[in-house]
Amino acid sequence: MNKSQVDHVVVPGTFDPVTLGHMDVILRARRLFPRVTVAVAASVGKRGSGPTFSLDQRTQMIRETLVAEGCEDVAVEPFSGLLVEFCRVHGAGGVVKGLRAMTDFEYEMQQADLNSHLAPELESIFVMSSPEYGYVSSSIVREISSMGCDVSSLVPPNVNRRLMERFGSPS
Ligand code: PNS
């Protein structure tokens, strides 16, 4: 099947909260494609429990970080429902995600297969996480921040401030 050139990609996720690992993927997608939209999912992907930060807060934190980076050209939109539908509505031809370890691979492969079944025209594109962020995840950040540990090297400064408001300053 002929697929047309991808000039608009979506970087989806729960971003609860956005980490430097996520930002690395978003900024690399921006280098690779002319147009990037970050899609912030209302529901949490891998977890049963609700998110720590509201959809509004998660979206806002990414917008603030992108402005601080001088990347206002990257759109950030909340979404609920199917990712393939979001891509269709926004006219995006690809989904970009980061891969850290083999455990990510199995989960992401399953999602990519499902998305391809639902929307064969949509391309799934993976970038390998930069080595310094290979162990960084939102769940690790939430966990150690809630235990009073400094996470300033794992998240953007504005996110660090929100985490300290939520969990208190590191001891
Ligand atoms: O941050 P995550 O947990 O890796 O993000 C997962 C997310 C939000 C991208 C995924 O759960 C998703 O696409 N959710 C929207 C619902 C959907 O389309 N489900 C089918 C594909 S899994």
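**A tour from the ligand to the cores**

Start at L83, where a backbone N or O atom lies 2.8 Å from an oxygen atom of the ligand. The model is predicted: local features need pLDDT of at least 70 and side-chain atom pairs pLDDT 80 or more, while totals for chains, interfaces and linings use all residues. Residues are numbered from 1 along each chain as its sequence is written, and side-chain values use heavy atoms, without hydrogens and water.

Next select T14, which has a polar backbone atom 2.9 Å from a ligand oxygen. Then select K97: an N or O atom in the side chain of K97 is 3.0 Å from an oxygen atom of the ligand. The protein buries 82% of the 530 Å² that the ligand exposes when taken alone (areas by the Shrake-Rupley method with a 1.4 Å probe).

Now show the 15 residues around the ligand; T14, A41, G81, L83 and K97 come nearest (a residue is near if one of its heavy atoms lies within 4 Å). Colour α4 (102-118), which gives the most to this shell, four residues.

Move to the largest nonpolar core, of 30 residues, where V11, F15, I26, V38, I62, L66 and V96 touch the most other members. Such a core is a set of buried Ala, Val, Leu, Ile, Met, Phe, Trp, Tyr and Cys residues joined through side-chain atoms within 4.5 Å, buried meaning under 20% relative accessible area with a 1.4 Å probe, protein chains only.

Finally, select V38: leaving aside neighbours within four places in sequence, V38 is in contact with V11, F15, I26, I62, V74, A75, V76 and E77 (heavy atoms within 4.5 Å). A second, separate core of 12 residues includes A41, F79, V84 and A119.

Conventions
Buried < 20%, exposed > 50% of the residue type's maximum accessible area, 1.4 Å probe, protein only. Polar contact = N/O pair within 3.5 Å; in protein donor to acceptor, adjacent residues only side chain to side chain. Helix = DSSP H or I, 4+ residues; strand = E, 2+ residues; numbered from the N terminus.
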